[in-house]
Amino acid sequence: MDGNESRHHAVPDDSKAPLLPISDSITVKSSHSLNSCIQSVFTLQNFFILLGPLLCAVICLCVKFDGPGSSGTATAATSRNMLGVLAWMFAWWLTEAVPMPITSMSPLFLFPLFGIASCDDVAEAYMDDVISLVLGSFILALAVEHYNIHRRLALNITLVFCGDPLNPPLLLLGICATTAFVSMWMHNVAAAVMMMPVATGILHRLPSGPTRSNEVTNFCKAVVLGVIYSASVGGMSTLTGTGVNLILVGMWRSYFPEADPISFSTWFFFGFPLALLIFFALWAILCLLYCRKSSGQALSAYLDKSHLRRELDLLGPMAFAEKMVLAVFSILILLWMTRSITDDTPGWGALFKGRAGDGTVSVMMATLLFIIPNKKQKGERLMDWNKCKKLPWNIVLLLGAGFAIANGVRSSGLADILSKALDFLEAAPYLAIAPIVCLISGTITEFTSNNATTTLVVPLLIQIAKTMHLHPLLLMVPGAIGAQFAFLLPTGTPSNIVGFTTGHIEIPDMIKTGLPLKIAGTLALSILMPTLGTLVFGTDKEVVHMTNGPFLHRHRI
């Protein structure tokens with residue numbers, strides 16, 4: 001009995017006993033939970049999320065504007081609210097506190113809540129002719145990518161430029177020219193993504209590692225830098241090459257609906273010569289720094305025409321589907337170029353009394369891709385909607401946000417208030433201020449996206465032009481083009497990141513090449529805008545009307 005009692009009263013198993021008292025364990029767990037909760041709330045990302053609304057609140061509470069804007073319903077409060085919304089949106093854009101496409105949609109709720117514009121008015125900015133132009137051209141670009149047409153085109157053109165014996169500067173010219181040409185007809189980031197595998201495929205033939213000579217290393221740098229910069233330069237020449245050009249055209253039509261719109265052909269007649277000058281400046285800089293003709297002997301053992309021919313043979317003959325996509329794309333380019341030619345030769349657009357735009361034919365030709373069979377399998381078309389899942393909706397939404405902001409800045413009266421602070425610029429000569437405008441845009445764009453820079457800068461430049469009694473395009477175009485001079489840092493544009501991730505280039509290489517290229521681009525733009533720009537855009541006209549009244553008198557330079 002005593003033994004049983006002793007067994008019943010034995011000390012409990014230590015393995016089952018808690019190491020700490022229950023109350024202490026609960027306290028420790030709750031303390032850890034509280035700490036983790038605090039750490040999850042007080043993060044840098046959450047601070048950036050709050051930064052936008054905080055800046056907006058500070059502006060709405062502390063900033064005071066005197067008097068109403070010049071537009072009919074604009075008030076000082078509306079102008080102040082618009083400034084606060086701008087601070088909110090650009091804080092989120094710059095910090096990427098929330099995804100950029102979501103920030104781009106924020107005017108749809110911010111403008112109505114702050115009394116800037118109705119929901120219907122804001123929504124209209126997200127779908128107009130420029131947006132339809134983007135959608136149609138992106139679908140065609142996806143078709144080109146799907147059928148590998150860009151690779152075939154790149155290899156054929158590069159084969160022509162290779163030279164026999166090998167001429168490295170000529171081969172570099174071929175690679176850069178091909179990239180620039182592809183970028184003319186699709187977004188420059190897509191062109192860089194498409195062409196970089198072609199370029200690195202050529203570079204893979206070269207030796208790597210510590211035994212590689214300086215000539216080979218420098219040629220690799222020249223090719224990668226050439227691809228990323230040629231994509232940016234080529235995109236300047238057409239409306240579809242980059243979203244910046246589309247934002248500029250959309251804002252021009254929004255601010256000046258009574259003025260002649262900037263058509264695809266109009267922009268091409270100015271953008272192509274400008275891009276050509278900058279392109280040859282890029283080639284000269286790369287040849288001078290990295291790609292001397294004397295390096296041909298070191299490269300010829302690894303790189304010749306036989307490699308390119310072998311890559312081309314692997315693609316096989318051009319199929320029916322490829323020929324049809326190329327034909328549709330060529331017809332679209334022809335329609336873009338001939339819709340509006342000159343005042344004496346109006347183009348096919350006159351048949352529809354101005355109702356058809358560049359976006360009209362862009363969507364129409366894209367629609368044909370879903371109708372024409374590809375002759376691979378019965379019932380299959382050149383394109384189907386599954387192939388369109390890679391459509392860059394982020395760019396489409398960013399364009400819409402840019403148009404909405406431009407409308408809001410104007411209708412709220414904020415544009416008029418900002419213009420009053422710029423009266424001191426009235427005495428400045430145009431030839432002095434144009435390079436400064438380009439330099440400011442080119443600096444801002446190194447730290448934020450090209451499109452966001454354009455959206456911020458162009459409305460302000462319109463008011464500066466008003467103050468200086470200049471034709472607005474004389475400042476709008478340098479501001480927009482300057483926003484595409486993102487040549488110094490990898491973060492300047494996604495195209496730069498595409499090249500930086502190859503491992504062939506470093507930041508000093510980008511700065512060494514990008515700085516003289518930025519200077520050359522600024523000089524070319526400053527010379528061409530008051531000369532060729534006057535002929536193409538008609539900047540010598542005496543009066544241009546804004547939506548809220550006469551804008552300017554005769555421009556001066």
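Mentor: Two residues are said to be in contact when heavy atoms of theirs lie within 4.5 Å. Please also keep in mind that the model is predicted.

Trainee: With which residues is Ser132 in contact, leaving aside its neighbours within four places in sequence?

Mentor: Ser132 is in contact with Gly359, Ser362 and Val363. Ser132 itself belongs to helix H8.

Trainee: Is Ser132 buried or exposed?

Mentor: The general idea is a cut-off: a residue is buried if its relative accessible area is under 20%. Ser132 has a relative accessibility of 14% and therefore counts as buried.

Trainee: How is the chain as a whole to be described in these terms?

Mentor: The chain has 26 helices and two strands. Of its 557 residues, 51% count as buried. Among contacts with a separation of 6 or more, 79% join residues 24 or more positions apart.

Trainee: Where is Ser295 found, and which residues does Ser295 touch, not counting those up to four places away in sequence?

Mentor: Ser295 is in the loop between helix H14 (264-289) and helix H15 (296-299). Its partners are Pro168 and Glu215. Ser295 is also buried, at a relative accessible area of 4%.

Trainee: How does one describe the packing of two helices?

Mentor: Two packed helices are described by the angle between their axes and the distance between the axes. Consider helix H8 (residues 129-146) and helix H19 (residues 393-411): their axes come within 10 Å and cross at roughly 165 degrees. An angle over 145 degrees counts as roughly antiparallel, so H8 is roughly antiparallel to H19. The crossing of H8 and H19 is right-handed.

Trainee: Which residues of H8 and H19 meet?

Mentor: From H8, the residues are Val130, Ile131, Val134, Leu135 and Phe138. They meet Trp393, Ile395, Val396, Leu399, Gly400 and Phe403 of H19.

Trainee: What is the relation of H21 to H25?

Mentor: The axes of helix H21 (residues 430-444) and helix H25 (residues 507-528) come within 9 Å and cross at roughly 140 degrees. That angle makes H21 oblique to H25. Their crossing is right-handed. Ala434, Pro435, Cys438 and Gly442 in H21 meet Lys518, Thr522, Leu525 and Ser526 in H25.

Trainee: At what angle do H21 and H22 pack?

Mentor: H21 packs with helix H22 (residues 450-468) at about 160 degrees, and their axes are 10 Å apart. H21 is therefore roughly antiparallel to H22. On the H21 side, the contact is made by Ile433, Val437, Ser441 and Ile444. On the H22 side, Thr453, Val457, Leu461, Ile464 and Met468 take part. The crossing of H21 and H22 is right-handed.

Trainee: What lies over the face of Phe320?

Mentor: Lys375 lies there, at 4.4 Å from the ring centre.

Trainee: Finally, what is to be noted about the phi angles of Glu96 and Asn148?

Mentor: Phi of Glu96 is near 55 degrees, a positive value in a residue other than glycine. Glu96 lies in the loop between helix H4 (76-95) and helix H5 (100-105), and is exposed, with a relative accessible area of 56%. For Asn148, likewise a residue other than glycine, phi is positive and near 60 degrees. Asn148 lies in the loop between H8 and helix H9 (149-161). With a relative accessible area of 30%, Asn148 is partly exposed.

Notes. Residues are numbered from 1 along each chain as its sequence is written. This is a predicted model: local features need pLDDT of at least 70, side-chain atom pairs count only at pLDDT 80 or more; totals for chains, interfaces and linings use all residues. Side-chain values use heavy atoms; hydrogens and water are left out. Helices (H or I, at least four residues) and strands (E, at least two) are DSSP runs, numbered from the N terminus. Buried means under 20% relative accessible area, exposed over 50%, partly exposed in between (1.4 Å probe, protein chains only). A charge sits over a ring if NZ of Lys or CZ of Arg is within 6 Å of the ring centre and within 35 degrees of the ring normal. Axes are lines fitted to C-alpha atoms, for helices over the stretch in contact, and angles run from 0 to 180 degrees between N-to-C directions. Angles under 35 degrees count as roughly parallel, over 145 as roughly antiparallel, 65 to 115 as roughly perpendicular and the rest as oblique. A crossing is left-handed if the near helix is turned anticlockwise from the far one by less than a right angle, and right-handed if clockwise.
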